[in-house]
Amino acid sequence: MLLSRLAPRHTTTLTPRRLYSSLANMKLLYPTSLKLDIQSLEGFSTELVPYDVKQPISDAAADADVLVTWTNSAENLKDAAAKLTKLKWIQSLAAGPNDVLAAGFAPSVVVTTGSGLHDRTVAEHALGLLLTAARRFDQMREWQLQKRWPQHLGGAQPDRPKDRFTTLRDANVLIWGYGNIAKTLAPHLTAWGAKVKGIARSAGVREGVEVYGEDKLAELLPKTDALVMILPGSESTKDVLNKERLALLPKHAWVVNVGRGTSIDEDALADALEKGELGGAALDVFKTEPLPESSRLWTTPNVLVSPHAAGGRPQDAEALIAYNLRRFLAGQELRNVV
């Protein structure tokens with residue numbers, strides 16, 4: 001895979017003063033929580049040491065300069081922040097390193113993310129949720145378990161009815177949070193005939209897709225058949241899909257969320273679905289995970305609950321680690337700096 005495909009929008013430069021002076025003694029801790037091709041990381045004058053992401057950092061590893069993280073427990077990261085006093089750089093393999101940022105590492109520690117490692121898997125999952133919503137595979141399964149024939153889903157059907165989301169062909173799909181994952185997803189949607197538009201902080205045309213600012217939401221939502229949300233988790237995106245914006249969507253529209261659960265007002269979403277004011281919602285992320293048994297979403301009509309399964313399998317992580325490690329040793333710009 002070409003390393004350029006991992007290129008981020010933000011980089012940083014490590015000055016000679018920040019460059020480790022004794023490369024022969026440099027130590028990198030890598031997680032055993034996923035299978036890495038460690039041989040591809042050899043040859044950098046760096047000692048590669050495995051560690052358990054659920055256990056405290058061992059005393060023998062306390063002099064590490066680099067920490068690679070993936071699915072670390074909060075306790076492990078907090079312990080690492082206290083013990084790894086020589087740490088200079090953390091390479092998270094997650095797209096959003098909120099766990100690392102909350103652990104208490106020194107401000108001098110450079111943090112880079114796994115942005116780009118999850119684009120294909122999340123895009124694929126979003127596509128699957130959209131197809132399930134359109135073709136109602138979920139209802140077919142429900143009726144199968146009851147040994148009933150879902151005649152309303154079979155036989156002769158209207159072609160692209162205006163009052164239902166039944167196909168991607170000619171469907172107006174709006175992607176809110178138009179970043180790398182959206183760029184991966186959009187070509188698959190257009191290949192099936194969907195009309196794709198995007199919403200992002202900055203407007204423009206991105207690889208043939210018209211992307212608008214959030215000030216155009218009131219204009220675009222009423223024309224949307226499927227809203228795909230791929231927003232990051234932050235204070236600025238909290239509950240951005242609220243009661244008022246949900247009311248702008250057509251009654252047949254579906255909401256798909258593969259970004260962060262905090263971006264949707266879950267009670268407002270449940271209210272809209274229970275009142276028949278929305279077609280459905282396919283959700284891979286939630287405000288509280290695992291989704292509590294008390295959540296209304298379990299029994300809300302036309303809700304698909306996906307257990308945060310869109311990502312969870314970083315692809316080509318070794319290429320990103322090796323690229324950043326080589327540049328770190330040379331005091332050059334790193335990719336995906338927070």
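Me: Over which residues does pLDDT stay under 50, and how many contacts beyond four places in sequence does the model have for them?
Reply: That's residues 14-23, and the model has 20 such contacts for them. This is a predicted model, by the way. Residues 1-11 have a pLDDT below 50 too, with 28 contacts beyond near neighbours in sequence.

Me: And what does the chain average?
Reply: A pLDDT of 93, on a scale from 0 to 100. In the chain, 93% of the residues score at least 70.

Me: Why is Val205 called exposed?
Reply: Its relative accessible area is 58%. You'll find Val205 in strand β9. Its C-alpha atom is 44 Å from that of Pro50, 155 residues away along the chain.

Me: What makes β9 an edge strand?
Reply: β9 (204-206) pairs on one side only, and so does β14 (303-305). They sit at the two ends of an open sheet of eight strands, ordered β9-β10-β8-β7-β11-β12-β13-β14, with mixed pairing. From one strand to the next, the twist averages 20°.

Me: How do you know that β8 and β10 pair?
Reply: Pairing takes at least two bridges, and three join β8 (residues 195-199) to β10 (residues 209-212), so they count as paired. These two strands run parallel. Look at Gly198: it stands opposite Val211 in β10.

Me: Which strands does helix α3 lie across?
Reply: Helix α3 (residues 119-135) lies across β11 (226-229), β12 (254-257), β13 (280-283) and β14. It runs at about 160° to β12.

Key. Residues numbered from 1 in each chain as written. Predicted model: local features only at pLDDT ≥ 70, side-chain atom pairs only at ≥ 80, totals over all residues. Heavy atoms only, no water. Helix = DSSP H or I, 4+ residues; strand = E, 2+ residues; numbered from the N terminus. Axes fitted to C-alpha atoms, helices over the stretch in contact; angles between N-to-C directions. Contact = heavy atoms within 4.5 Å. pLDDT = per-residue confidence, 0-100. Buried < 20%, exposed > 50% of the residue type's maximum accessible area, 1.4 Å probe, protein only.
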